[in-house]
Amino acid sequence: TVAGVGTGGEGEMRGTINIGDDAIVNAYSIDYGAGIGNGLWGGMSGTINIDGNADVTATSNSGAGIGSGNDSDVTKTGTINIGGNAKVFAFSKYDGAGIGGGNEGNMNGTINIRGNAKVIAASGRKGAGIGAGDEENLNGTVTITDNADVTAVSGKKGAGIGSGCEASFKGTIIISGNAKVTARTGVSEY
């Protein structure tokens, strides 16, 4: 029920997590917490920054790889920034988003991917690759810009970038600059 990096079960992640320089981070939650973010039911209202030459792997069973845990939202103030030359692999084995909301978690906040970042974000089943978890909405903003290289994948019925299965898209997606984006659904190679 706890995050790999962040809060324990039922704890809201309100603070700031900074991963930069040449850091190598492997964060894993074996059950309901996010790989990086909050645990079960807590909510993610803080900020996660990944930049520099950081190499980050963040995985969870049903929380987001990076974002909120199972049954909790990334709130309006929740922000995930990935930039610099960072390399990120974020994966939810079941129904959370790779980056964003966990299973049954809305993505109401902001996700920024920029610089020369290389990101793979995947949901194994019904969450979005980047966005909301299963049965929940993307209400916030996803921006991918500069020279970012992003692959966003949902294994079954979520969007590559957007909402989870059986949910609405009410937010904003901005792709600009020289960004390279591959977004797809119905694949589960991760």
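Q: Where is Ile175 found?
A: Ile175 is in strand 17. Strands here are DSSP E runs of at least two residues, numbered from the N terminus. This is a predicted model, where local features need pLDDT of at least 70, side-chain atom pairs count only at pLDDT 80 or more, and totals for chains, interfaces and linings use all residues. Numbering runs from 1 along each chain as its sequence is written, and side-chain values use heavy atoms, with hydrogens and water left out.

Q: Why does Ile175 count as partly exposed?
A: Because its relative accessibility is 46%. Partly exposed lies between buried (under 20%) and exposed (over 50%), with a 1.4 Å probe and protein chains only.

Q: Which residues form the nonpolar patch on the surface with Ile175?
A: Phe169 and Ile173. Together the three have about 260 Å² of accessible area, by the Shrake-Rupley method. Patch residues have over 30% relative accessible area and no salt bridge; nonpolar side chains are joined within 5 Å, like charges within 9 Å. A salt bridge puts a side-chain nitrogen of Lys or Arg within 4 Å of a carboxyl oxygen of Asp or Glu.

Q: What forms the negative surface patch?
A: Asp71, Glu104, Glu135 and Glu166.

Q: And where is Glu166 found?
A: In the loop between strand 16 (161-162) and strand 17 (172-175). Glu166 counts as exposed because its relative accessibility is 68%.

Q: How much of the protein counts as buried?
A: 55% of its 190 residues.

Conventions
Areas by Shrake-Rupley, 256 points an atom, 1.4 Å probe, with all protein chains shown as cover. Lys, Arg positive; Asp, Glu negative; His and termini not counted. Charge placed at Lys NZ, Arg CZ, Asp CG, Glu CD. Helix = DSSP H or I, 4+ residues; strand = E, 2+ residues; numbered from the N terminus.
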